[in-house]
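The following paragraphs lead the reader through selected features of the structure shown below. Please keep the sequence and the coordinates in view while reading.

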Amino acid sequence: MKKLIKLIALILVFCCITAAVACSAGETDMFMLGTTVTVNLKGGSANKAFKEIVQEIERLEQLLSTSVPDSDIDRINKANGGDETAVSKECVDLLIFAGELYENTDKAFNIALFPLVELWQFSPDKIYEENKKPPSNQDIFELMPYVDFNDLSVDADKGIAVKKDGKMKIDLGGIAKGYIADRANQIAEKHGVKSGIINVGGNIYVIGEAVKVGITDPRRPSGTVAFSVRAGNISIVTSGDYEKCYFYDNERYHHIIDGVTGSPAKSGVISATVIGGNSALADSLATAAVVMGLEKSLALIQSYSLSALIITEKDGKLHYNSTGDYEFTPEIDGYERD
Amino acid sequence: MRGIDRKSVKSRKILVRQDIAAIAVIVLLIIAAVIAGSGGRPDYVSVRMNGELYYRASLGEDKVVDVDGKLKVVISGGKVSVRDAVCPDKLCEYSALMDKSGQKIICLPCKIVVSMDGKGDYEVIT
């Protein structure tokens, strides 16, 4: 009888251990911020963390989205020049951070390009329109006076934003997803989550030990993996010209606009993956890299002591460069290391 | 002084041979469970619509799944693709044929995500 009790006890221990191994909370694909959000957490109070993260993402979307009526951004965009728009602390923080990046990237990262983003039909309300074609040079030229971020002033103490001209519009698309991934990671940490993945439209936060992360091939069908990297307790973000793009007369037109030309960036960088502890920073630097080109973006990313994989296209051939502590492993042929 | 009864000492051993064998079996089962949870190829394809699980199937059987009249998921030879989507951009149809865990086909207009479940390839793709 004693042996039988021992055996049952051991089986119970086995069941508990396997249950603990398998225990995870809430993997779901939510549709927010015009993209998908996936949260998968394990360990600690994973269920509590999951619920709080979902609530926080929904709250931040209401504040920061261009397409949510009466969001902070929507009210700034609809305001007249000189009007004071009261905004949340989160919005103020992001506007100030975006301003710092505007300077540090030599204006390559610019959240005030939204009038041009709309003109090129990449705004959320036009993204699925068919038979797109590029705007005329005249149309672009007419909007260029309204895309200088410095024409937006922010008073952090009063919590207000003021535009110089009513035609100015902003869009946090290149930084908000990273900011939200950071917030989600902070909530997971608070609840003692041991491991997991937070994926806000490709802005990834890996919680816990290193896992194998795939990096999308920018020139093969969506979902093809070109490189992999093992990373843990850090954020990984990719921006590229292959997302939100259309073709006209065999030319690719994509959503990352160069504020100097008013047109989609043609720097040669077609994909930039940045790895760092601050997902909002990684997000904005990945976007800026597509505008800045290889040399300038590598130097900038190195100045922040971050890691990156930069893919360039030259004469129809694909090349890659990397910087930092992480090893990027090619998963398929067709890439030359510079 | 009483002599030591070897038989009674043996019977008072904490673990007898059968117990050791049982522990060994349990340890092997735990190791097998951990390995099963961290390796191997994708086993299932999941279809989620509006964040809710709509369909989940083994990759072992070839079939075509109609997802609410919005698109069809094709499972063939352990690989998964999408066809007949009603969305305007058809980006989901141009996605790569999926055969690795971690891969997803996302149709944003239809709010449908088709994902390869399992471990061993990519935990996530950016």
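Which residues in helix 7 of chain A meet which residues in helix 8 of chain A? In this predicted model, the helix 7 side of the contact is formed by A176(A), K177(A), G178(A), Y179(A), A181(A) and D182(A), and these meet S279(A), A280(A) and D283(A) in helix 8. By class, this contact has four nonpolar, two polar and three charged residues.

The geometry of the pair can be described next. Helix 7 of chain A spans residues 176–190 and helix 8 of chain A spans residues 279–292; they pack with their axes 7 Å apart, at an angle of about 160°. Angles over 145 degrees count as roughly antiparallel, and the two helices are therefore roughly antiparallel to each other. The crossing of helix 7 past helix 8 is right-handed.

Elsewhere in chain A, the loop between helix 2 (46–64) and helix 3 (72–78) contains S71(A). Because its relative accessibility is 0%, S71(A) counts as buried. A polar atom of the S71(A) side chain lies 2.5 Å from the backbone oxygen of S65(A). Leaving aside residues up to four places away in sequence, S71(A) touches Q62(A), L63(A), L64(A) and S65(A).

Chain B may be considered as a whole. Its secondary structure comes to two helices and eight strands, and from the N terminus on the order of elements is α-α-β-β-β-β-β-β-β-β. Chain B has 126 residues, of which 35% count as buried. Among contacts in chain B with a separation of 6 or more, 31% are accounted for by residues 24 or more positions apart.

Definitions and conventions. Residues numbered from 1 in each chain as written. Chains lettered and ligands numbered in written order. Predicted model: local features only at pLDDT ≥ 70, side-chain atom pairs only at ≥ 80, totals over all residues. Heavy atoms only, no water. Axes fitted to C-alpha atoms, helices over the stretch in contact; angles between N-to-C directions. Helix = DSSP H or I, 4+ residues; strand = E, 2+ residues; numbered from the N terminus. Parallel < 35°, antiparallel > 145°, perpendicular 65-115°, else oblique. Left-handed = near helix turned anticlockwise from the far one by under 90°. Contact = heavy atoms within 4.5 Å. Nonpolar A, V, L, I, M, F, W, Y, C, P; charged D, E, K, R; others polar. Buried < 20%, exposed > 50% of the residue type's maximum accessible area, 1.4 Å probe, protein only. Polar contact = N/O pair within 3.5 Å; in protein donor to acceptor, adjacent residues only side chain to side chain.
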